[in-house]
Amino acid sequence: MQIERYEIGKRMSQTVIYGGFVFLAGQVAIDAPGSSVREQTTNILARITRLLESAGSDPTRILSATIWLAHMSGFEEMNAVWDAWVPSGHAPARATVEARLAAPEFAVEIGIIAAAGN
């Protein structure tokens, strides 16, 4: 099976497709650092949608999501955006944890595994 990598950087690829799966690197709000949890989550989910679509997939095909929050106090704010974004009937398996993120201006990071498009 062929491994496809997109948006390849020095340390990671933003998207890897292999064996019918799409693996996204953890996404942070690179266009909204330091903004509210709501704004960061909105920014991240837009990036995830774009990355999935460029891989021939979409949010209905997400199998698993891992969400890291710098502070669990942002849980409800993040969930409000997440709940509006996840297509009805397509909620993935999900874990949310509190963790120190790579830079203090980021409050949310989201990693995704999805089924590749048909």
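**View 1. Helix H1 (residues 37-54) from end to end.** At 1.5 Å a residue, the 18 residues of H1 should span 26 Å, and its end C-alpha atoms are 26 Å apart, which agrees. The expected span is 1.5 Å times one less than the number of residues. Helices (H or I, at least four residues) and strands (E, at least two) are DSSP runs, numbered from the N terminus. This is a predicted model: local features need pLDDT of at least 70, side-chain atom pairs count only at pLDDT 80 or more, and totals for chains, interfaces and linings use all residues. Residues are numbered from 1 along each chain as its sequence is written, and side-chain values use heavy atoms, with hydrogens and water left out. Gly56, whose phi is positive, near 80°, follows H1.

**View 2. The buried residues of H1.** Among them are Val37, Ile44, Ile48 and Leu52; buried means under 20% relative accessible area (1.4 Å probe, protein chains only). Ile48 touches Leu24, Gln27, Trp85, Ile110 and Ile112, not counting residues up to four places away in sequence; contact means heavy atoms within 4.5 Å.

**View 3. The largest nonpolar core.** A nonpolar core is a set of buried Ala, Val, Leu, Ile, Met, Phe, Trp, Tyr and Cys residues joined through side-chain atoms within 4.5 Å. Of its 27 residues, those touching the most other members include Val22, Trp82 and Val108. H1 supplies the largest share, 6 residues.

**View 4. Strands E4 and E5.** E4 and E5 (residues 93-98) run parallel, joined by 6 bridges. Ala65 stands opposite Arg94 in E5.

Conventions. Buried means under 20% relative accessible area, exposed over 50%, partly exposed in between (1.4 Å probe, protein chains only). Two strands pair if DSSP finds at least two bridges between them.
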